[in-house]
Each structure stands twice: as structure tokens, then as C-alpha cells.
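Good morning, and thank you for making time for this presentation.

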Amino acid sequence: MIALLAAAFATVAALAPPPALTALASTTSAGQPKPPLTHVAAPAPPRSDRVKVGGDLYAVHCIHCHGDKLQGTPYGPGLSASGAADLDFQLSTGRMPLEVPATEPMRGPPSFPRAQIDAIVAYVVSHGGNGPDIPSVHASADLTRGRKIFEENCQACHGATGTGAVAGFGWLAPAVLQSTPLQTAEAVRAGPGIMPKFDAHQIPQADLDALVAYVDTLHRPDDRGGYSLASAGPVGEGLIAWLIGLGCTVLVMFAVGETLKTTPRV
Amino acid sequence: MIRRLVLALDDRLGAAPFLRHALRKAFPDHWSFMLGEVAAYCFVFIVLSGTYLTFFFHPSGHHAIYHGHAVPSLDGRAVSDAYASVLRISLETQAGLLIRQAHHWCALLFAAAVITHMARVFFTGAFRKPRELNWLIGLTLLLLVMGDGFTGYSLPDDQLSGAGLRIAQSIALSVPVIGSWAAYLFFGGGFPSPEMTNRLYAIHILFIPLALGALIALHVAILWHQKHTQFPGKRQRENNVVGSPLWPTYAVKSLALMAATFGVLLLLGGLVEINPVWQYGPYDPWTVASPAQPDWYVGWLDGALRVAPPWAIHLGRHTISALLWPGIVLPGCLFGALYAWPWLEGYVTRDREYHELLQFPWQNPLRTSFGVAALTFAGMLLLAGSDDVQARLWRVSVQQLAWFYHIAVWVVPPVAAAIAWRVCVELQARHAYEEDHPSRVVLKRAAEGGFEEEPVPTP
């Protein structure tokens, strides 16, 4: 009983601050300052210039782990199978560059402005990064279809409400709640990290559009039932039943009942 | 007014001697004696709220198309009739969501109240002769509450319902010899079957509540006949009952507790979301979400499945499934030990006496440490059942956490029991010391300056 209650308190204490995932994400990005921006790129320079700017940025921020020929090093994987979708996803969600090599990338504010991200993507793609291109996303109103696609392909790792879950061996399937529609589509096509790739045979363009539209609704969950305790499901509900439900009734018992004032001699 | 009512009844039924006796029945005043009452009030509340839900719920696995603007992502979706009706209860019916959520919260509180009530009875030795029968009935009530909770959790046919039922069916299949027949009989076919929701419904609203009502009546009747136990005290002895009379003192206390129970349940039902089935979505047998947990009172069984070793035994053409050990054998042993405990303890202590006075937990280290071990064991299993949620929270590998629980489930309970034993022995020693060294002394100063200690005889 005591062990149960102690564990309950510990878990509540950990659950009480804002959703765990945001807290986790901020610890990695707040620990050390992000690498400084080298310069602010002029709007849309010619393609060859973009590749050159990207090469400079790559040489400063990426080459240490991914190697001078995208071949990879002991600190990071090669990029020969990384296309524009993967690169743009990793950079625009702030997952790359990593502060500590070989740790799990977590979502955070991006380290580069849009133009520099485009430049790095252009550099890597022009030097052999060969993978899914940045997908196109069209508006879709077919949320029912999107939900079905999500339930069949995504929720086993990301959770029915998109809040994320463990994916095994220390990996996390992150929350999808902060993703922009383009980032969601990129993740589906490129399969970042340990996530599988879903190509156009598995999820056709119309389904992708519907899925992206549905995922975009998840960051405004319909919590019409009241406070949702970080969508922790039956685990959080059990804690509340014990702490608030039984807690309140026991307080009333204390109020109307009596306690042993003196320990009797036996 | 009560007097006039009693007189009127007496004129017609000759009931005055019984009522006079009943209204003056003494109830002990200690707060912990009210835990069981919370459970009883939960039963009342869950029947009332459940009755309201039966007006709107369709216990049917037939296909339906959900149409509703409340959940745009389910509009036009093929779902079961049961799930569609739960969506309508939650989203369109007057007070439907409030009552449905309060009903579910009540199930969680019901089980918590039953277990804490049983812990009070166990650790104070209230189950000893002549009250063993009520201990057996109480344990059966706990099993019924868990069963009714699980069948209720399974009715809405949302994703969590379906996943839980599939696990229950697998455990039923794992029983040697009769398993597959039992599972097919219970589910009315394979899984999922169109009959399943219907049968669960009959069990949930008819069989188990009737059994609960009958056993609660028997439980209270036996309690009434045998009278309450009480903590030992100056006035409390083996041959009396000290407390407040039922009318008016205890009745008012109890009504306050009832109001508090109903109040907290309705507040939770209105303010705290529970089982939002429109978010979880309907159950399709080929999909499952992560994380997925049962309600807490079944969570320890889920935890047992997670930490159990994969011991499948192949005997020629027959296989004994690995699910048998955590799903059937382990809960069977735990509840078997609890059912047998009054006699096990009597066998060890050679105690055949009647007991109207309770013991303090420290007075019986054997019982206390067994109880602590059993509760810690179930508690560790319960924690193991949410290892994936904890792994996400604490940012550790779920595999490492699972290994931790593999070991902790067996290591922590004996350690907790040893600590409980030691604490009991120390407390016994302290009480014995205080017995020998009365603390009331008078210091007398002698004329030459020294002090002298003079014990005051205890009254």
C-alpha cells in the first residue's frame, strides 16, 4: 500500500508539469546554446550559389558526424539514402544538428532559418543524397479517411491521440501534435529515425493528404469530458481515482469519525 | 417523526421491539470502519447511474454507420451499434457524458474502497473467528467488482475495449483441456463475435449486479448478527460493543459520507475526462494503439502478463500456453492464499478462540508482513503494467524497465515484508518497555538538593 502510494505520488509529480514530451524536448535544446548562425542568406539566390552556401554550412555543422562525402562516421550515419524530405524534416524540426552525437534527436526550435535549411538540403541532394523528395500536400476534407489511415499505420507507435509512445530500445515515437502538415508528410515518406518509410504504393497521395489533414486536427483534442491529465489514459485515471476519489472520502471519514487518541496498553 | 413512524409500523406489524433494537445498534466510531460504507455507497451509485445508461446503450455488435457532426473524423465511419450508441450517449444525450463518466469513476473508486476496506479488515485481524465467512464473502465481492468493471470497460467497443477482450480471450484459451470450449462458449464463437457485446451486457448489468446485491445483503446481515469488532480500549472489551447508536448519531455520519461519495463522483464525472472513446476510436481487430492499459484494478494482471517468462510447454500434440501462468495460475494462487488465510493463520497460531477485539498490525508480525508482501507484489505488478508509460515519462528504455520489473516483482515484496516484520517487532518491544516502565513519574527535590524519581501508579 505504502509502496503504491509512494509510486503514485512520484508519478503525479512527474505528470503534473506540462506534457512530458515538451519538457523532455526542451531539456535537450536548452542545455547548450545552438550553433550560431553563420550569416543570413539573401532571398532565393541562384541554385549554384545555394549549393555553395549549403556546402559551407555543411562543412561547419554536419561534416563532423556525416563525413565529407556523406559517407557517415562513427558518430553519425551516412546521408546517401537521405533525400530532401528526410533532410528538410530533420532540419526544420530542429532535430539536426545534434548537440551530442549519437543521441536520439528530439524536436526543438530549428537551428537555421528557412533559406539556410534549403541550402543544406540542396547541397546534400546535389552531392548524392538519394531518397524521397519533399512531398506535395493538398488540402483535404476527408478526415474520416485520414483517421482510418492513422489508426492502421501510425497509432501503434504514436498513440491513438498522437501524444507519442515508446518505440522500444530507448527510442521514442514522438508526439505528432506539433508537426506542420508538410513535416507530417515528409515523415511519412522519408521515415526518419527508426520509423518505416511509406511510399506512394502504401499510402497514395490522396490518402496522404487526408492523413495530414487528420493529424493536423490532433493538436486540438476534443476534451469535452474535462481535464485529461496529459492524455495518460487509464494510468492517469487510476491515480486520480485513488488520490482524489478515495482521498476526498477518507478526509470526510476523518472529519466524522474518530481516531485512536491514545494507544491503549495491550 | 421517527417515533410516530415507528409507532405506526408497530400498530400494523408489531415491529417496535425489532426497530427499537435496530435503531439503537452501536456502531464503532473509528474512521476506518467507514471504508466499507464507501464501497456500499459506490454500489448504490453505480446501479443508479448504470440504469440511466441502459436507456441509451445498444448492446449490439451489428454494423452501423456513425453520422454526427460532433466528431468530424468519424462521420460516415462503419462502426458497431454499441460504439455508435456510446458516442451518442457521450456527445448528444442530456447529461449522458456526465453520467457515463461518473459511472466509470465510480467503478474505479468502488474497487479502491473495497481493497482499502479489506486491508483494514486484514491488518487488524477482523477476519478471525467467528468472522471468517464474511472474509470469504468480501473476497468474492472484490472478484465480482473486478469482473463487473472489466465487462463494463469492454462494452463501448472502442479500441481499448477490444484490445482488453482479445487478451481475456487468449487467457481463456490458455486453460488446459477446457480452454477453447470455454472461450467459444463465453464469446459465442471466435473473436470478435457478433454475440460478444450482448453476452457481456447481460453479465455486466444482470448477473454480476444481482450477485453483488445478494452478497452485499448477506455480508451486512452477517455483520449485523455478529456485531462489529472494535479496537481494544478502556471501555472496549471482548463482550461489549462501544460506539454511537445507529439513530440519530451514526445515521447522520453515514449520510454525510454518502453525500461526499456521490459528490466527489459527480464532480469527477463533470470535470475530469475518463475513457474518451471518441478520441480512441472504434475497435478494429487489426489495429491497436500504444500505450494501452486496462483500468487500474485489472492493471496488475496486465503487469503479470508483461513480466511473465515465456514458459510454453509442448506435450506431444498439445501445448500449454505461456499465458496460463500469469493469466490463471498467479491470480489463482494469490486469491487462493487470501481465501485460505483465516485458516492458515489459525493453523500457525493454534488460535481457536472467538475474537471481538481487533489487533494492531504490530501485534501480529506474521500476518502484517504477509499482507505487506501481497500488497507490494500486486502493486509492483500494477506498476509493471504501465512500464511503457513510465518509460516515456522518465525517458528510459522500456526494455530496461521491463527487466527491472522482472526482478523487482520478486525482490521488493520480501524486502518490504522483512521491513514490516522488523517494524512490528520494534513496536512490540517499545510497548513492552512502556508496560514495564510507566512514563508517569514525579520528580521530588530532596532538602539537600538531589532529585528523586517516584512512579505514579497508573489508574
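**Chains, domains and contacts**

Within chain B, 72% of the contacts with a separation of 6 or more are between residues 24 or more positions apart. Please bear in mind throughout that this is a predicted model.

Let me stay with chain B for a moment. Its secondary structure consists of 16 helices and eight strands. Along the principal axes, the C-alpha atoms of chain B occupy a box of roughly 100 × 65 × 45 Å. Chain B has 459 residues, of which 42% count as buried.

I turn now to chain A. Chain A has 266 residues, and 43% of them count as buried. For chain A, residues 24 or more positions apart make up 69% of the contacts with a separation of 6 or more. Chain A contains eleven helices and two strands, and their order along the sequence is α-α-α-α-α-α-α-α-β-β-α-α-α.

How do the two chains meet? The contact draws 71 residues from chain B and 61 residues from chain A. On the side of chain B that touches chain A, two or more residues come from each of helix 5 (96-123), helix 10 (246-271), helix 11 (277-280), helix 12 (296-307), helix 14 (365-384), helix 15 (387-394) and helix 16 (398-436) of chain B. By class, that side of chain B comprises 37 nonpolar, 22 polar and twelve charged residues.

Next, the domains of chain A. The domain assignment divides chain A into domain 1, which covers 1-29 + 137-219 + 231-248, and domain 2, which covers 46-134. Where these domains touch, domain 1 of chain A contributes 15 residues and domain 2 of chain A contributes 18 residues. Which elements of chain A each supply at least two residues to the side of domain 1 that touches domain 2? They are helix 2 (20-31), strand 2 (171-173) and helix 9 (181-190) of chain A. Helix 9 of chain A gives the largest share of that side, with five residues. The side of domain 1 of chain A that touches domain 2 of chain A has eight nonpolar, four polar and three charged residues.

Helix 9 of chain A also packs against helix 10 of chain A, residues 205-217, at an angle of about 125° and with the axes 9 Å apart. The two helices, helix 9 and helix 10 of chain A, are therefore oblique to each other. Their crossing is right-handed. From helix 9 of chain A, the contact is made by A:P181, A:T184, A:A185 and A:V188; from helix 10 of chain A, it is made by A:L208, A:L211, A:V212, A:V215 and A:D216. Seven residues of this contact between helix 9 and helix 10 of chain A are nonpolar, one is polar and one is charged.

Is A:H158 buried or exposed? A:H158 has 25 other C-beta atoms within 10 Å and is therefore buried. Leaving aside residues up to four places away in sequence, A:H158 touches A:G164, A:A165, A:A173 and A:V176. As for A:H158 and A:S48, 110 residues separate them in sequence, and their C-alpha atoms are 39 Å apart in space.

Note on methods
Residues are numbered from 1 along each chain as its sequence is written. Chains are lettered from A and ligands numbered from 1 in the order in which they are written. This is a predicted model: local features need pLDDT of at least 70, side-chain atom pairs count only at pLDDT 80 or more; totals for chains, interfaces and linings use all residues. Domain bounds come from an automatic or database domain assignment. Two residues are in contact if their C-beta atoms, placed from the backbone, lie within 7 Å. Helices (H or I, at least four residues) and strands (E, at least two) are DSSP runs, numbered from the N terminus. Ala, Val, Leu, Ile, Met, Phe, Trp, Tyr, Cys and Pro count as nonpolar, Asp, Glu, Lys and Arg as charged, and the others, Gly among them, as polar. Axes are lines fitted to C-alpha atoms, for helices over the stretch in contact, and angles run from 0 to 180 degrees between N-to-C directions. Angles under 35 degrees count as roughly parallel, over 145 as roughly antiparallel, 65 to 115 as roughly perpendicular and the rest as oblique. A crossing is left-handed if the near helix is turned anticlockwise from the far one by less than a right angle, and right-handed if clockwise. A residue is buried if 20 or more other C-beta atoms lie within 10 Å of its own, exposed if 12 or fewer, and partly exposed in between; C-beta atoms are placed from the backbone.
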